[in-house]
Amino acid sequence: MAINEVIMENLTKNLEALLSEVKVCNERLCASLHDEVRLDEYDNFSNALQSALDEHERIIIPASNSPHIIERPIIIPSNRHIICEDGAVIRLFDGVKTLAIRNSNTADGTHAPISAPRNESITIEGGIWEDWCKRRRGYGDTGMYDEGRSFFGVSTYMLLENVNHLTLKNMKFRYCGGFAVQIGDASDVVIENIRFESCFADGLHINGNVENIYISDVRGEVGDDLVAFNMFDWQNSSINFGPCKNVICQDLELSKNSYYKAIRIEPGVYTYDDGTSVDCSLTDAIFRRISGIKTFKL
């Protein structure tokens with residue numbers, strides 16, 4: 001066996017073992033959450049969901065004959081498990097220009113490295129998560145962190161950053177005008193069984209300072225990268241800059257209707273306001289079993 005094949009075989013075995021442990025740990029942390037509430041009756045879904053997240057560990061969102069409407073960013077604290085029953089649709093109200101979901105300890109790493117405490121153990125399972133857009137938007141038009149766009153590089157439906165032990169699984173995203181999910185400054189991330197339907201920008205937009213990330217079974221129609229690893233990125237597309245290491249990204253299928261048939265892998269060197277810099281590299285990563293992609297852009 002050639003030396004390169006031996007190196008790749010060893011890397012694959014090591015990454016599979018490491019990320020299998022990450023999955024088990026995330027599942028164990030999630031299973032330890034027991035304080036549960038079910039959102040069956042409410043006058044205002046945004047208020048009910050936020051109150052439930054503030055007060056309980058496990059939040060069950062039931063299916064409904066009509067979408068559950070949210071009109072403002074919903075904020076997820078640490079040690080939370082959101083479970084959407086089959087057929088549950090959560091929709092951002094028409095015309096809302098802010099993002100729909102974010103975690104509570106978000107921090108802006110544009111000007112200096114993030115030093116704030118991270119959130120721990122957030123799992124979102126199931127659900128159809130809808131934006132209201134009918135074309136590409138984002139970049140200050142939708143998906144903003146807040147009305148003042150105080151985190152300039154946020155352009156997404158769901159922002160999950162500055163967090164450890166993050167799991168997203170069995171979810172569908174529709175009509176996202178910006179990125180569907182934006183992630184950075186995170187460790188021990190598991191993303192499985194994700195679908196995109198008529199989305200207009202990146203599906204999974206992974207920025208810098210991410211370690212131990214397992215992505216599997218991601219499929220659908222997007223207007224830009226199905227999955228992007230932008231450790232270095234433009235300032236209107238990231239608030240997280242730095243290296244990414246220990247990655248398995250597998251079983252991806254881009255819809256034939258997606259005109260942009262590429263995956264971006266973007267390393268570089270980012271300079272902070274004080275002149276210090278960070279190497280935004282990608283180390284120990286495996287991409288495999290990918291269809292519908294014609295170009296890897298590096």
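Student: Which residue caps the N-terminal end of H2?
Tutor: This is a predicted model: local features need pLDDT of at least 70, side-chain atom pairs need pLDDT 80 or more, and totals for chains, interfaces and linings use all residues. Numbering starts from 1 along each chain as its sequence is written, and side-chain values use heavy atoms, without hydrogens or water. A side-chain oxygen lies 3.1 Å from the backbone nitrogen of serine 46, and it belongs to asparagine 44.

Student: Which strands do the buried residues of H2 pack against?
Tutor: Helices (DSSP H or I, at least four residues) and strands (E, at least two) are numbered from the N terminus. H2 spans residues 45–55, and its buried residues include Phe45, Leu49 and Leu53; buried means under 20% relative accessible area, exposed over 50%, partly exposed in between, with a 1.4 Å probe and protein chains only. Contact means heavy atoms within 4.5 Å. The partners are S1, S2, S3, S4, S5 and S6.

Student: Is alanine 88 buried or exposed?
Tutor: Alanine 88 lies in the loop between S5 and S6. Ile61, Pro62, Ala63, Gly127 and Ile128 touch it, not counting residues up to four places away in sequence. Its relative accessible area is 0%, so alanine 88 is buried.

Student: What separates the C-alpha atoms of alanine 88 and isoleucine 128?
Tutor: These residues are 40 apart along the chain. The separation of their C-alpha atoms is 6.2 Å.

Student: How many disulfides does the structure hold?
Tutor: A disulfide here is a pair of cysteine sulfur atoms within 2.5 Å. The sulfur of cysteine 176 is too far for a bond, because the closest cysteine sulfur, in cysteine 199, is 4.0 Å away. For cysteine 280, the nearest cysteine sulfur is that of cysteine 244, 11 Å away. The disulfide total is zero.

Student: What distance separates the end C-alpha atoms of H1?
Tutor: The expected span is 1.5 Å times one less than the number of residues. H1 has 29 residues, so it should span 42 Å. The model agrees, with a distance of 42 Å.

How values were computed: Polar contact = N/O pair within 3.5 Å; in protein donor to acceptor, adjacent residues only side chain to side chain.
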